[in-house]
Amino acid sequence: MKKDEKFSEEQLNAFVDGELDPEEKSRLYNESARSPDLDKRLCQQRKVKDLVQHAYQHVPPPDYSGRAPLARRGFFGIAVAAGLLVAIGLTAGFFAHKSMQSQQIGAAPVAANASQPGTHTDKYLLHVVSGDPAHMRAALEHATHLLESADAGEFREIEIIANEQGLDLLRSDVTPYAKEIATLQQNDVVFYACSKTIERLEEKGVEVHLVPFTNPDYTALDRVVTRMQEGWTYEKI
Amino acid sequence: MVGSMIPGINQRRAFRKLLSNSRDRLYRMAYAWTHNPHLADDLVQQTLCKALSNRKQLRDPGAAEAWLFRILSNCLKDHYRAKHEVLSAEELVIVDSRTPQHETEEQQLVRKVRQAISKLPLPQCQVITLVDLEGFTYATVADVLEIPVGTVMSRLCRGRRSLREFLTDIRPQPELVRPAKLMEVK
């Protein structure tokens, strides 16, 4: 602060940010009326603030609708996926999107077993993020345990979604657990590979090959949010 | 252990609404911090995932927004820590793919300001954007970034001083900079 400046830069910032107490604010108003220099300094501070606000006033959010290329779609059918994309539209809200997904994809094979009379269904979504084989194995073992520990009359619906480094679990050329995954799939466990993670890898020039019957149509976040909205138990491994 | 993470219908609805309402704002902030649309999108996804899995940690619903932005900030820290990288200003996608020749004056201005922001050290950029874009108080910013209020003020001061220097040739436009109303307010 210069000797002739009664107000520090911090005080001027606090003024333009509405952080000054009323007494100090009044003092600054009064002083600015007498001092063109102070008035100019205040205007400069406000100008910087206004420019920042202006520069980020319109930051278009990313397209939250289906992100995986249609060529990769297959498990639940191109028609459903394309229909979703059209129906969702570019401006559809985040949770409106989730709601539509849950309605239309409700016809997925696993769900068909879910609500038979006299049965009780527990639903679990296991989320694998880590590329550590021990974590992957833990997820698969946990899914196996959930299936085996179900009581008579109790049905357990299980999905496993992998993203980030955890995607290695579902990459056919990388995973150490292809057989275990196939066994779980035979027991109606559904595997999802995060479309966003696949997209990122492909952008880096990595060819992504998934184990058979893996669904690459959703981002991990989309799947987690949808399933949690539907009351599934979510577990991050 | 398997355990239900569903606290109650009303709480769930409120939490969903919070995430829904915050997503675009989180993205704008992540973009302002990184100027990289893909990275910003990833950070927001990670933030929402973490918020979902840790929502029981949110004790005070009134502090929910600060909590979300704190998670975002931590995701960014984790990202840079993991990648050991800091993007240079030249690598950043500041506005879009249009060439300067095709930019309107408005777009040029936006690009220039964003470039200036991207040149700031990240801690200064974070403080400025949290205050200016989200309108957070200094105390809230201190809470989000887990730093003392005094540090918020000093970073804000240094950051705005640098911006003033970067943007020195930008003249006030009527729609951008309100004329000084200090006399009137008095």
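1. Let us start with a term: helices (H or I, at least four residues) and strands (E, at least two) are DSSP runs, numbered from the N terminus. With that in hand, chain B reads α-α-α-α-α-α-α-α from the N terminus on; it has eight helices and zero strands.

2. A word on the source before going further. This is a predicted model, in which local features need pLDDT of at least 70 and side-chain atom pairs count only at pLDDT 80 or more, while totals for chains, interfaces and linings use all residues. Residues are numbered from 1 along each chain as its sequence is written, and chains are lettered from A and ligands numbered from 1 in the order in which they are written.

3. Now look at chain A, which has nine helices and five strands. Along the sequence its pattern is α-α-α-α-α-β-α-β-α-β-α-β-α-β. Of its 237 residues, 35% are buried. Here a residue is buried if 20 or more other C-beta atoms lie within 10 Å of its own, exposed if 12 or fewer, and partly exposed in between, with C-beta atoms placed from the backbone. In chain B, buried residues make up 35% of the 186 residues.

4. How do the two chains meet? In total, 47 residues of chain B are in contact with 44 residues of chain A, where contact means that the C-beta atoms, placed from the backbone, lie within 7 Å. Helix 1 of chain B gives the most to the side of chain B that touches chain A, with eight residues. By class, that side of chain B has 30 nonpolar, six polar and 11 charged residues. For these classes, Ala, Val, Leu, Ile, Met, Phe, Trp, Tyr, Cys and Pro count as nonpolar, Asp, Glu, Lys and Arg as charged, and the others, Gly among them, as polar.

5. Within chain B, find helix 6 (residues 138-145) and helix 7, which pack at an angle of about 100° with their axes 8 Å apart. The axes are lines fitted to C-alpha atoms, for helices over the stretch in contact, and angles run from 0 to 180 degrees between N-to-C directions. Helix 6 and helix 7 of chain B are therefore roughly perpendicular to each other (angles under 35 degrees count as roughly parallel, over 145 as roughly antiparallel, 65 to 115 as roughly perpendicular and the rest as oblique). Helix 6 of chain B brings B:Tyr138, B:Ala139, B:Val141 and B:Ala142 to the contact, and helix 7 of chain B brings B:Val149, B:Val152 and B:Met153. By class, this contact has seven nonpolar, no polar and no charged residues.

6. Back in chain A, which residues cover the two faces of strand 3 (residues 190-193)? A:Val190 and A:Tyr192 lie on one side and A:Phe191 and A:Ala193 on the other, and all are buried. Strand 3 of chain A pairs in the parallel sense with strand 4 (residues 214-215) of chain A over two bridges; strands pair if DSSP finds at least two bridges between them. In this pairing, A:Tyr192 stands opposite A:Asn215 of strand 4 of chain A.

7. Finally, helix 9 (residues 220-229) of chain A is mostly covered, with nine of its 10 residues buried. Among them are A:Leu221, A:Val224 and A:Met228. Just after helix 9 of chain A, A:Gly231 takes a positive phi of about 90°.

How values were computed
Two residues are in contact if their C-beta atoms, placed from the backbone, lie within 7 Å.
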